Amino acid sequence: TKDKRRIEFMMNATPRCNAKGEVVGMLGVGQDITERKKVELEKARVAQDFQTFIDTANAPIFGCDALGLVNEWNNKSVEITGYSKEEVMGKNLVDVYISPDFRESVKLVFDDALNFKYTAN
């Protein structure tokens, strides 16, 4: 801008044609997306802060998708179990890493969570 502020624009352009269909120029339309970009940057910063919190928590934090496949495994989980993040990611937590005598009860807790039933053991 004239006052040296940076503005983010999303631009669209289309050819401008004369009566013969020959391109004689272009017509552009811009949309100011400066605020949207700021919001996107803030969301990314918050997500990074949250990931750092998970990674450095003094408690094991893990996540699984709806199939029970591990998709989150923090540093404390690594420290306690001895399994690296790379070893567990994408594997079924209950079937692979929970001892047989606890599999059923742990699976019930996971199933409850997937059905919006909050449980703790």
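User: How many aromatic pairs does a search of the whole structure find?

Analyst: Happy to start there. This is a predicted model, so local features need pLDDT of at least 70 and side-chain atom pairs count only at pLDDT 80 or more, while totals for chains, interfaces and linings use all residues. Residues are numbered from 1 along each chain as its sequence is written, and side-chain values use heavy atoms, with hydrogens and water left out. Rings of Phe, Tyr and Trp (its six-membered ring) pair if their centres lie within 6.5 Å; planes under 30 degrees apart count as stacked, over 60 as edge-to-face and the rest as tilted. By that rule, the number of aromatic pairs found in the whole structure is three.

User: What kind of aromatic pair do Phe 62 and Trp 73 form?

Analyst: The centres of the Phe 62 and Trp 73 rings are 6.5 Å apart.

User: Is Trp 73 buried or exposed?

Analyst: Buried means under 20% relative accessible area, exposed over 50%, and partly exposed in between (1.4 Å probe, protein chains only). Phe 62 has a relative accessible area of 41% and is partly exposed. Trp 73 has 5% relative accessibility, so Trp 73 counts as buried.

User: Why is the pair of Tyr 83 and Tyr 97 edge-to-face?

Analyst: The ring centres of Tyr 83 and Tyr 97 lie 4.7 Å apart. Because their planes stand at 70°, the pair is edge-to-face.

User: Where do Tyr 83 and Tyr 97 lie?

Analyst: They are 14 residues apart, in distant parts of the chain. Tyr 83, partly exposed at a relative accessible area of 36%, sits in the loop between helix H2 (75–81) and helix H3 (85–88). Tyr 97 is in helix H4 (residues 93–97).

User: Which residues make up the largest nonpolar core?

Analyst: A nonpolar core is a set of buried Ala, Val, Leu, Ile, Met, Phe, Trp, Tyr and Cys residues joined through side-chain atoms within 4.5 Å. The largest one has five residues, and E4 and H4 are the elements that give two or more residues to this core. Its members are Val 70, Trp 73, Val 88, Leu 93 and Tyr 97.

User: Which residues does Gln 51 touch, not counting residues up to four places away in sequence?

Analyst: Contact means heavy atoms within 4.5 Å. Gln 51 is in helix H1 and is partly exposed, with a relative accessible area of 26%. Its partners are Glu 72 and Lys 85.

User: Over how many bridges do E1 and E2 pair?

Analyst: Two strands pair if DSSP finds at least two bridges between them. Strands E1 (residues 9–17) and E2 (residues 23–32) run in the antiparallel sense, with Phe 9 opposite Asp 32 and Cys 17 partnered by Val 23. The number of bridges is nine.

User: Which residue in the turn between E1 and E2 has a positive phi?

Analyst: The two strands form a hairpin with five residues between them. The phi is about 85°, and the residue is Gly 21.

User: How many of the nine residues of E1 are buried?

Analyst: E1 lies largely in the open, because the number of its residues that are buried is zero.

User: Where is Phe 116, which has a positive phi although it is not a glycine?

Analyst: The phi of Phe 116 is about 60°. At 67% relative accessibility, Phe 116 counts as exposed. Its place is the segment after helix H5 (100–114).

Terms used:
Helix = DSSP H or I, 4+ residues; strand = E, 2+ residues; numbered from the N terminus.
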